[in-house]
Amino acid sequence: MLLVVDVVKGMQTQTAECLLIGQLTCSRMIVILNKTDLLPSDKKQNAIDKMTKRMHKTLENTRFKGCPVIAVAAKPGGPDAPGTEEAQGVTELIELLKSQAFLPHRDPSGSLLMAVDHCFSIRGQGTVITGTILQGALRVNDSLEIPALKVTRKVRSIQMFRKPVPSVMQGDRVGVCVTQFDPKLLERGVVCTPGSLRTLHAAVISVQKIEYYRGALSSRSKIHITVGHETVMARVTFFSRASHSGQSGASDGSPSEQSLDTFSFDWEFQHQDEFLSGQAEVEGQAPQQWALLEFERPVTCPPLCLVIGSRLDSDIHANTCRLAFHGKLLEGFEDKNYTETTLPRLKISKDKHKEGAVERVTDDYTVIGKNLFKKETNIQLFVGLKVTLSSGETGVIEGGFGQSGKIKIRVPEGLKGETKQLLSSSSKKKGKGVAKNEQTKDEEGKTDSQPIIIHLNFKRYVYDPHKKMVQS
């Protein structure tokens with residue numbers, strides 16, 4: 001990666017964003033301090049040394065610590081200056097590039113994936129698609145697919161740097177000639193082995209927040225998602241493992257620290273109103289987190305590809321980082337009707353808690369509860385759910401009582417003696433209309449200040465079409 005920095009201005013917000021993208025995508029970098037012609041000649045070297053020192057300081061805690069920094073004037077006098085003045089420092093830059101260049105491991109196996117950066121026609125030959133082979137290999141007479149258009153074409157010829165070649169592989173810069181294809185239909189994008197790329201309407205990704213992003217990340221909000229060669233708007237929902245599912249690396253197949261980029265429909269998850277960060281993250285206690293992305297329009301991309309979430313609608317001139325999170329695409333939903341076919345398999349639950357109070361006892365095993373539900377609530381949906389009383393007993397909702405939202409609760413083990421006493425003394429005092437000043441402080445505390453509270457805890461699965469309530 002080449003990071004070009006204005007030697008006069010230094011690091012700008014967008015420079016910092018480029019650096020962050022570099023950290024996610026590259027292993028090596030050269031910093032180029034450009035526009036050195038704008039510096040006064042008597043102070044030039046001092047200013048370059050100062051900025052070089054500052055850049056090394058900035059990169060100290062990144063993966064690019066100690067990377068080369070070189071000063072150039074790519075176009076002395078600026079874009080409108082006559083082209084007579086020669087560029088300064090470019091020869092040295094080329095030598096630096098040569099010394100830094102390395103041959104990465106190239107693997108011809110697997111499906112073809114080619115990043116396309118240009119497409120044009122040559123009369124009498126066909127249409128040339130130029131780009132870089134990111135994965136796999138390609139030979140003359142192979143078929144390739146343009147997945148965004150659902151079009152397959154045969155490779156007529158291949159060139160590398162204007163020389164015909166019979167085949168190319170991962171890492172090669174190529175021009176591929178196909179016939180009967182309109183170049184206006186494709187400028188940038190990807191081509192691949194037929195059937196190897198999927199077009200997705202939604203996806204599950206692993207999520208890591210970018211530390212310089214200062215805003216909150218809320219579920220159900222819309223965010224810019226860059227995936228493959230596209231940036232689309234998506235609605236995001238954050239979730240993590242349900243707390244009772246076991247610790248990381250447990251025998252239930254949950255993710256260990258070594259493999260955070262894993263996901264299974266068999267796991268139980270917990271809905272989060274927003275991405276969990278802050279103190280928990282600092283202390284290393286923030287859980288592994290995922291996000292469901294629901295794209296505004298379908299995207300075509302390979303599995304496990306890098307995903308970046310951004311707030312590109314933020315003010316470009318504000319001194320804030322717009323890149324919010326990154327992750328890997330772990331599961332894609334190709335079906336347009338994924339909300340009905342696939343989402344119900346995603347077991348994300350929300351914990352619910354309701355509170356009411358015991359109004360009175362009807363017998364040793366039954367109490368009437370109030371204020372737990374509204375008058376219009378369909379109480380039948382809650383029949384059979386367990387409740388706990390603040391006095392310690394466990395009960396089961398048997399059904400509604402009257403028309404005002406009250407309920408009948410059965411206590412299978414029976415009410416404790418002190419609970420019955422507390423409730424009966426409370427109802428007696430109400431019945432007799434005892435004046436408040438005649439009650440002892442102790443009685444007041446028991447009857448008026450401390451009603452017996454009913455606690456109802458359950459969870460609902462966010463994507464369950466039947467909206468069932470579940471208790472552990």
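Glu95 and Lys98 form a salt bridge in which the closest N and O atoms are 3.4 Å apart, the term being used for a side-chain nitrogen of Lys or Arg within 4 Å of a carboxyl oxygen of Asp or Glu. Both residues belong to helix 3 (residues 90-100), and because they are three residues apart there, about one helical turn separates them. Glu95 is partly exposed at 43% relative accessible area, whereas Lys98, at 54%, counts as exposed; here buried means under 20% relative accessible area, exposed over 50%, and partly exposed in between (1.4 Å probe, protein chains only).

## Basis of the model

This is a predicted model, in which local features need pLDDT of at least 70 and side-chain atom pairs count only at pLDDT 80 or more, while totals for chains, interfaces and linings use all residues. Residues are numbered from 1 along each chain as its sequence is written, and side-chain values use heavy atoms, with hydrogens and water left out.

## Overall architecture

The protein contains seven helices and 26 strands, where helices (H or I, at least four residues) and strands (E, at least two) are DSSP runs numbered from the N terminus. Of its 472 residues, 40% are buried. The protein exposes about 26,900 Å², and carbon and sulfur atoms supply 49% of that area; accessible areas come from the Shrake-Rupley method with a 1.4 Å probe, and for residues only the protein chains shown count as cover.

Among contacts between residues at least 6 apart in sequence, 68% join residues at least 24 apart, a contact being heavy atoms within 4.5 Å.

## Other salt bridges

The structure holds 16 salt bridges. Glu359 takes part in one with Arg360, where the closest N and O atoms are 3.7 Å apart, and in another with Lys406, where the corresponding distance is 2.8 Å. Glu359 is partly exposed at 23% relative accessibility, Lys406 is partly exposed at 23%, and Arg360 is partly exposed at 33%.

Elsewhere, salt bridges that share partners join Arg220, Arg235 and Glu294 into one network.

## Aromatic pairs

The count of aromatic pairs comes to 13, with rings of Phe, Tyr and Trp (its six-membered ring) taken to pair if their centres lie within 6.5 Å, and with planes under 30 degrees apart counted as stacked, over 60 as edge-to-face and the rest as tilted. One of these pairs is formed by Phe238 and Phe325, whose ring centres are 6.1 Å apart and whose planes meet at 85°, so the pair is edge-to-face. This pair links distant parts of the chain, with Phe238 in strand 15 (residues 230-241) and Phe325 in strand 19 (residues 323-333), 87 residues apart. Phe238 is buried at 1% relative accessible area, and Phe325 is buried at 0%.

Phe382 and Phe458 also make an edge-to-face pair, 5.9 Å centre to centre with 75° between the planes. Phe382 lies in the loop between strand 21 and strand 22, and Phe458 lies in strand 25 (residues 453-461), 76 residues apart. Phe382 is buried at 4% relative accessible area, as is Phe458 at 6%.

## Cysteines and loop residues

A search of the whole structure finds zero disulfides, a disulfide being a pair of cysteine sulfur atoms within 2.5 Å. Cys301 is in no disulfide, and the nearest cysteine sulfur, that of Cys305, is 4.2 Å away, which is too far for a bond. Cys301 is buried at 2% relative accessibility, and Cys305 is buried at 11%.

Leu304, in the loop between strand 17 (289-301) and strand 18 (306-310), has a positive phi near 60° although the residue is not glycine. Asn371, also not a glycine, has a positive phi of about 65°; Asn371 lies in the loop between strand 21 (366-370) and strand 22 (386-389) and is exposed, with a relative accessible area of 57%.

## A nonpolar surface patch

Leu2, Val4 and Leu97 make a nonpolar surface patch of about 250 Å². Patches are made of residues with over 30% relative accessible area and no salt bridge, like charges being joined within 9 Å and nonpolar side chains (Val, Leu, Ile, Met, Phe, Trp, Tyr) within 5 Å. Val4 is placed in strand 1 (residues 2-6).
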